[in-house]
Amino acid sequence: MGKSRDLSEFERGMIVGARRAGCSISQTANLLGCSRTAVSRVYNEWCEKKKTSSDRATTGRKRLVDENGEKWIESVVEANNQVTIEEIHALYNSSGVEKPISLRTARRTLKRLGYTCLLPVDDPLTEGGANILMAADPEQLDTSSDCNRR
């Protein structure tokens, strides 16, 4: 069987309340439309730890660029819509962050923020051109690259 959705805090509270009111595991499961295993686990966790919250949201690898870093990158792009990915990458790493990021991570972060790249701009000062960040309409969005705002 696959994983089902995570129970909300309200549903977890309802499970604890129903069980404390004297409902059986099966009655509680039928009442709330969840599995008996979920009812049993939530209630046992509440009895042992007096908590009902799920830790599923805190699993997985932590992001190198946190919410504050994303806000900082977005403010840089908004202040100068002609900035390149390479410039953002260099500015972010020189801003005193704890862990520097790679160019690839900078691209992924920009993509997560809703930016995408236009075609490289030929610039005699840079070798091979640079990817310029500019605002784009959703219809013009180039999904193969990742540095312009949607």
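Two rings of Phe, Tyr or Trp (for Trp, its six-membered ring) form a pair if their centres lie within 6.5 Å; planes under 30 degrees apart count as stacked, over 60 as edge-to-face and the rest as tilted. The structure shown here holds 2 such aromatic pairs. It is a predicted model, in which local features need pLDDT of at least 70 and side-chain atom pairs count only at pLDDT 80 or more, while totals for chains, interfaces and linings use all residues. Residues are numbered from 1 along each chain as its sequence is written, and side-chain values use heavy atoms, with hydrogens and water left out.

Of the 150 residues in the chain, 31% are buried; buried means under 20% relative accessible area, exposed over 50% and partly exposed in between, with a 1.4 Å probe and protein chains only.

Because the two residues are 3 apart in helix 3 (residues 36-49), about one helical turn separates Tyr43 from Trp46. Tyr43 and Trp46 are both buried. Each of these rings also has a charge over it, a term that requires NZ of Lys or CZ of Arg within 6 Å of the ring centre and within 35 degrees of the ring normal. Arg19 lies over the face of Tyr43, 5.0 Å from the ring centre, and the charged end of Lys50 sits over the ring of Trp46, 4.2 Å from its centre.

The rings of Trp72 and Tyr92 have centres 5.8 Å apart and planes at 65°, so this pair is edge-to-face. It links distant parts of the chain, since Trp72 belongs to helix 4 (residues 67-79) and Tyr92 to helix 5 (residues 85-93), 20 residues apart. Trp72 is partly exposed because its relative accessibility is 30%, whereas Tyr92, at 4%, is buried.

Helix 4 also packs with helix 6 (residues 103-112), at an angle of about 80° and with the axes 11 Å apart. The axes are lines fitted to C-alpha atoms over the stretch in contact, and angles run from 0 to 180 degrees between N-to-C directions. Helix 4 and helix 6 are therefore roughly perpendicular, the word for angles of 65 to 115 degrees. Glu70, Ile73 and Val77 of helix 4 make the contact with Thr109, Leu110 and Arg112 of helix 6, where contact means heavy atoms within 4.5 Å.

Notes:
Helix = DSSP H or I, 4+ residues; strand = E, 2+ residues; numbered from the N terminus. Parallel < 35°, antiparallel > 145°, perpendicular 65-115°, else oblique.
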